[in-house]
Amino acid sequence: MPLSLSVPTSLEYFASLVQSDDHFPLLEAAASLAQDEYPELDVQQLLGDVDQLLARLQRRLPTDAPALQRLRTLNQFFFADLGFAGNINNYYDPENSYLNAVLRTRRGIPISLAVLWMELAEGLGLHVRGIAFPGHFMVKVLLPKGQVVLDPTSGQSLSREELAERLEPYKRQSGLVDDYDVPLGLYLQAATPRDIIARMLRNLKEVHRTQHDWQRLVAVQDRLIVLLPQAWGEWRDRGLAHAERGNTAEAMADLETYLAHAEEGLDIDLVSDRLAALRRVGKGR
């Protein structure tokens, strides 16, 4: 009797990658985000391409190279030789979040460049972490003589004074000044792989919402809800995107889920009104 093997959807594949924090394949999960836009993307081939870059890099170093030499060689290879850099001319292009496009164009946003850079750094045995710095994702390297914070669009090492200066606009905008100020170190905590994927998806979410691209926004929301099933605001946002697309039943289900769990949300009344309007639309069909 012939076996019937169903191929998982891109969302099911993503779900299998992010189900556990113990073995969370950051690069593979990040690469898989592009499958909504590139359904035929071979993620394993992309991982193989990165492995080939790592092999080229490893050949440049003796096996006993100290950590600082490995870091300098990595930055020379990644930023100077390969030419990876921030896409300053088209920062809000969704392609900047798709690793297959970033590998092809050598242009991206800080977080997508950081994911690739960290994969190579870890392959060299460096102790690296991502930092969910406000407005501009960073990376840090733990060296024998201390910690170095780098800008993943350039490899530039940033001092505490430079980091504090970059924080100032965010802190003023958020009211985190004077009595409400918090230490710089709190902004330099390591981001988990799940945090990193969530930030990548929320970058895409903002791009699609700004462009009123509700179909792509729903696909991003599907992934966010798989990744963060108890982030009830994501259910609300998917429901609102479904409503924009005219998917009344799906919109109502998501908004009902949000209202059932987000008991202290500031927008409860607004969402309730929207849900009531959708119910009237549903009854009129």
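**View 1. The largest pocket and its 19 lining residues.** Closest to the centre of this pocket sit Tyr-91, Tyr-92, Ile-109, Gly-135 and Asn-203. A pocket here is an open set of points on a 1 Å grid over the protein atoms alone where a 1.4 Å probe fits, with protein on both sides within 12 Å along at least five of seven lines, and lining residues have an atom within 4 Å of a point. This is a predicted model, where local features need pLDDT of at least 70 and side-chain atom pairs count only at pLDDT 80 or more, while totals for chains, interfaces and linings use all residues. Residues are numbered from 1 along each chain as its sequence is written, and side-chain values use heavy atoms, with hydrogens and water left out. The pocket holds about 390 Å³ of space, a volume being the space filled by probe spheres set on the points, which are joined across faces, edges and corners. Helix H8 (193–210) is one of the suppliers of its lining, and H8 gives the most, with six residues. Helices are DSSP runs (H or I, at least four residues), numbered from the N terminus.

**View 2. The second largest pocket, about 220 Å³ in volume.** Its lining has 16 residues, and Asp-36, Gln-215, Arg-216, Ala-219 and Val-220 come closest to the centre. Helices H1 (10–18), H8 and H9 (214–227) each give two or more residues, and H9 gives the most, with seven.

**View 3. His-208 in helix H8.** This residue counts as buried, because its relative accessibility is 2% (buried means under 20% relative accessible area, exposed over 50%, partly exposed in between, with a 1.4 Å probe and protein chains only). Beyond its neighbours within four places in sequence, His-208 touches Pro-94, Tyr-98, Asp-213, Arg-216, Leu-217 and Val-220, where contact means heavy atoms within 4.5 Å.

**View 4. A salt bridge between Glu-37 and Arg-216.** Their side chains meet at 2.7 Å, N to O; a salt bridge is a side-chain nitrogen of Lys or Arg within 4 Å of a carboxyl oxygen of Asp or Glu. Glu-37 lies in the loop between helix H2 (26–32) and helix H3 (43–58), and Arg-216 in H9, 179 residues apart. Glu-37 is partly exposed at 29%, and Arg-216 is partly exposed at 37%.

**View 5. A salt bridge between Arg-238 and Asp-254.** Here the N to O distance is 2.7 Å, and both residues are buried. Arg-238 belongs to helix H10 (residues 232–245) and Asp-254 to helix H11 (residues 248–261).
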